[in-house]
Amino acid sequence: MTLSKKLIENGKYCLEILHDHGFEAFFVGGCVRDQLIGRDIKDIDIATNALPHEVKALFAITVDIGIEHGTVLVLVNDIPIEITTYRQEEEYLLHRRPASVHFVQNLSFDLMRRDFTMNAIAMSKNGDLIDPYKGEEDIKDLLIRAVGNPFERFSEDALRMLRGIRFTSTLGFELEETTMSAIRSNRCLLQHISVERITKELSSFFMGSYVKHGWKFLKESKIAECFPIPLDVIPPIIEQLSFASSIEGWSYLYQEHNEAGNVPIKFKFSKQEAKEYRILSTLLSVRKERVFRELDVFNQQLSHILFAERFATTHDEISWTERKRDIEEMYHHLPIKQSSELAVNGSDLLLWSERKPGPWMKNALRMLEEKVVSGVIENTKQAIKDEFLHEGTD
């Protein structure tokens, strides 16, 4: 049984429990949207008129993940299901969070507060739809349309604008004209949103299956002008553009920006993300100056080298194909592909030099490694020993 089927079965079980105790309950949000699109469902959200304490009383294992906003996490066969009480939100604070939330008994009020029509559809256990904003029609037309007045929706919660842009990349949909216009007009409300949320949305955008399609909307919306590091100009949009990691996307987006080095700090990357970003940014800079050599291919991950090479030859598909082949052959023919394959080690150096261990050993091994990779000497103990004794130990 696939995960989607397990999720749906567990979700239906939750609906049945709620129904058996006299409550309304429906699938809502992304799981309904993805079901209608035909995508795998990754999580289940249920909306109900049962109050949080009533939901908690019906299920054996629950977690209060957002109970003040009506959300209870229910574990069914170790699979989490979010169950949220119908709610109506009052005035929003700082264009992000509602000042207060009121629980209501009418599903229509709950659907009214959602961001886009495709996410404002409820589905019964039997698959019947409650779709007051014609979200199913928009899904069929591949359209992202705000619920009601888009200017009001984005003023309430500015992150919705970036979510709309992200959906163009993850779903391949178009932004409806009025919705797009509202994003352009309200784009700088994004400055009220936490950096972490912006970073998460953009990272998802870079990894979308339709990122080649999404670039157009990121550019036309001008929303990048209001990022933590503003971008007045998006790098040229390339039809072939896609990424193996979100950090490749970040590196590409800011490759020529004068604050490129501050991206990991301003967007609050993890240590590992910051490390990869700096490697990729350096490789992009190196490739602008010269072609990659054996030592480059040896010192860096092949995928990182190919990433930088791809953007050096993006406009010429023939050149890219040839260079990709050349680099892969270069990697294949490296005499060693990692340091452990060097025919000698530190003990050999100590024996030959009759010196005490120290930092010099690392430097000497590195020098010998580079000469082997560059083809100056063969990767044999005798050839390396001769070179080592000839060069000295400093």
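Reply: A crossing counts as left-handed if the near helix is turned anticlockwise from the far one by less than a right angle. The model discussed here is predicted.

Me: Which helix does H7 pass in a left-handed crossing?

Reply: H7 passes H9 that way. H7 covers residues 159–170, and H9 covers residues 195–206.

Me: Why are H7 and H9 called roughly parallel?

Reply: Their axes cross at roughly 15°. Angles under 35 degrees count as roughly parallel. The two helices are therefore roughly parallel to each other. The axes come within 8 Å.

Me: Which residues make the contact?

Reply: H7 brings Leu159, Leu162, Arg163, Ile165, Arg166, Thr168, Ser169 and Thr170. H9 brings Arg197, Ile198, Glu201, Leu202, Ser204 and Phe205. The residues of this contact divide into six nonpolar, four polar and four charged.

Me: Where do the two partners lie in the chain?

Reply: Asp115 sits in the loop between helix H4 (107–112) and strand E10 (122–123). Arg163 sits in helix H7. They are 48 residues apart, so the pair links distant parts of the chain.

Me: Why is Asp115 called buried, and why is Arg163 called partly exposed?

Reply: Asp115 has a relative accessible area of 8%. Buried means under 20%, so Asp115 is buried. Arg163 has 22% relative accessibility.

Me: What makes Glu256 exposed and Lys288 partly exposed?

Reply: Glu256 has a relative accessible area of 66%. Exposed means over 50%, so Glu256 is exposed. Lys288 has 45%, which falls between 20% and 50%, so Lys288 is partly exposed.

Me: How many salt bridges does the structure hold?

Reply: The structure holds 27 salt bridges. One of them joins Arg113 and Asp110 at 3.3 Å, N to O. Both of these residues are buried. Elsewhere, Glu152, Arg153, Glu156 and Arg160 are linked in a network of salt bridges.

Methods
Residues are numbered from 1 along each chain as its sequence is written. This is a predicted model: local features need pLDDT of at least 70, side-chain atom pairs count only at pLDDT 80 or more; totals for chains, interfaces and linings use all residues. Side-chain values use heavy atoms; hydrogens and water are left out. A salt bridge is a side-chain nitrogen of Lys or Arg within 4 Å of a carboxyl oxygen of Asp or Glu. Buried means under 20% relative accessible area, exposed over 50%, partly exposed in between (1.4 Å probe, protein chains only). Helices (H or I, at least four residues) and strands (E, at least two) are DSSP runs, numbered from the N terminus. Axes are lines fitted to C-alpha atoms, for helices over the stretch in contact, and angles run from 0 to 180 degrees between N-to-C directions. Angles under 35 degrees count as roughly parallel, over 145 as roughly antiparallel, 65 to 115 as roughly perpendicular and the rest as oblique. Contact means heavy atoms within 4.5 Å. Ala, Val, Leu, Ile, Met, Phe, Trp, Tyr, Cys and Pro count as nonpolar, Asp, Glu, Lys and Arg as charged, and the others, Gly among them, as polar.
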